[in-house]
Amino acid sequence: MTLRSVILGTGSALPRRRVDNAELATMVDTSDEWIVERTGIRTRYVAGEGESTTTLAAEASRHALEMAGLQAAGIDLIILATATPDQTFPASATTVQAALGINDCIAFDVAAVCSGFLYAMTVADNMLRGGAGKTALVIGAETFSRILDWEDRTTCVLFGDGAGAAVLRAEETPAEGGRGILASKLHADGRHNGLLHVDGGPSSTGTVGKVRMKGQDVFRHAVVNLAQVMKEVLDVAGLSTSDIDWVVPHQANARILDATARKLGLDPAQVVVTVDRHANTSAASVPLALDTAVRDGRIKQGDLVVLEAMGGGFTWGACVLRY
């Protein structure tokens with residue numbers, strides 16, 4: 001037997017407002033055909049009045065706790081991955097903690113943009129196995145619509161808002177064939193800051209800033225880095241691509257998903273795709289896609305699943321688990 005972090009439940013939340021490409025075409029010089037051809041995106045959700053990163057995070061967390069059959073009071077650790085916190089401080093995780101009615105637990109945010117959920121999962125896994133707690137709530141939540149330049153058609157069509165969450169519990173499982181996180185691998189390379197960033201911040205400009213991206217450069221790095229890190233994490237786990245049942249990737253662009261699958265020799269049918277419905281929700285995209293595939297019955301208990309993502313920084317990473 002070995003101690004592993006097992007996913008007991010997943011959950012997700014989306015804003016009320018759904019925005020399709022036709023609506024965007026009334027705001028910027030674009031079209032449904034242009035967006036679909038280049039990104040695969042058809043709709044996205046945009047937060048409105050009364051909706052924020054933490055309200056979405058709390059809703060996703062409640063759904064995850066319900067699936068896990070747990071009360072919020074049983075949570076020992078909350079890690080929230082986001083690039084769009086409600087406030088500069090305190091951590092949005094503490095706002096979620098209060099919203100869930102938890103009086104005391106470890107709670108903090110992780111900032112790794114689109115890779116944030118993978119970073120948060122890895123930190124939670126290590127803390128649980130190290131004895132910091134028994135049960136963790138790991139969340140990815142974003143309201144990227146609040147930092148978009150709605151006059152820049154190259155970026156504003158790409159992103160959406162949402163949240164996803166997973167409940168992890170440290171459990172003794174069989175060393176061979178047991179459930180839980182088997183391996184994780186994380187990377188960062190800050191030399192590429194200028195390719196995908198926000199041009200503001202409290203220390204640099206005193207403003208929130210807007211998303212800026214050099215799309216073709218990001219695309220090239222993403223295909224190479226994601227294929228590399230997936231091979232690395234499978235090697236650590238002693239697995240090969242033929243062992244994998246499902247890949248749940250960061251939902252940035254349908255072309256990146258297709259190119260990565262081809263580079264790894266994966267059947268496209270094994271790749272969970274929600275980018276057409278949700279667009280790029282940054283740290284929320286992996287848990288949103290995971291929850292979608294769990295709830296529609298594709299991902300079943302015992303399946304081997306790889307999660308992977310790359311985001312601004314650059315940061316990138318992958319995790320292989322037995323669901």
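The side chains of Asp296 and Arg298 form a salt bridge, with N to O at 2.7 Å. A salt bridge here is a side-chain nitrogen of Lys or Arg within 4 Å of a carboxyl oxygen of Asp or Glu.

The model is predicted: local features need pLDDT of at least 70 and side-chain atom pairs count only at pLDDT 80 or more, while totals for chains, interfaces and linings use all residues. Residues are numbered from 1 along each chain as its sequence is written, and side-chain values use heavy atoms, with hydrogens and water left out.

## Other salt bridges

Side chains of opposite charge can pair when their charged atoms come close. The whole structure contains 11 salt bridges. One of them joins Arg129 and Asp125 at 3.0 Å, N to O. Both residues belong to helix α5 (residues 116–129) and stand four residues apart, about one turn of the helix. Asp125 is buried, with a relative accessible area of 5%, whereas Arg129 is partly exposed at 38%.

Asp149 and Arg212 form another salt bridge, their closest N and O atoms being 3.0 Å apart. This pair links distant parts of the chain, 63 residues apart: Asp149 lies in the loop between β6 (135–143) and α6 (153–156), and Arg212 in strand β10 (residues 211–213). Asp149 counts as buried at 19% relative accessibility, while Arg212 is partly exposed at 27%. Together with Asp199, Asp149 and Arg212 make up a network of salt bridges.

## Helix α7

Helix α7 covers residues 215–237, and its 23 residues should span 33 Å at 1.5 Å a residue; the expected span is 1.5 Å times one less than the number of residues. The C-alpha atoms at its ends are 32 Å apart, which agrees.

Among the buried residues of α7 are Val218, Ala222, Asn225, Leu226, Met230 and Leu234. Gly238 follows the helix, and its phi is positive, near 70°.

## The chain as a whole

The chain has 10 helices and 13 strands, which are DSSP runs numbered from the N terminus (helices: H or I, at least four residues; strands: E, at least two). Its radius of gyration is 18 Å, close to the 20 Å that the globule rule gives for 323 residues, so the chain is as compact as a globular protein of that length. The radius is taken over C-alpha atoms, and the rule is 2.2 Å times the number of residues to the power 0.38. Along its principal axes, the C-alpha trace spans about 60 × 45 × 35 Å.

Of the 323 residues, 56% count as buried. Among contacts (heavy atoms within 4.5 Å) between residues at least 6 apart in sequence, 76% join residues at least 24 apart.

## Cysteines

A disulfide is a covalent bond between the sulfur atoms of two cysteines. The structure holds zero disulfides, counted as pairs of cysteine sulfur atoms within 2.5 Å. For Cys114, the nearest cysteine sulfur belongs to Cys156, 16 Å away. For Cys319, the nearest is that of Cys114, at 17 Å. Cys114 is buried at 5% relative accessibility, and Cys319 is buried at 1%.

Technical notes
Buried means under 20% relative accessible area, exposed over 50%, partly exposed in between (1.4 Å probe, protein chains only).
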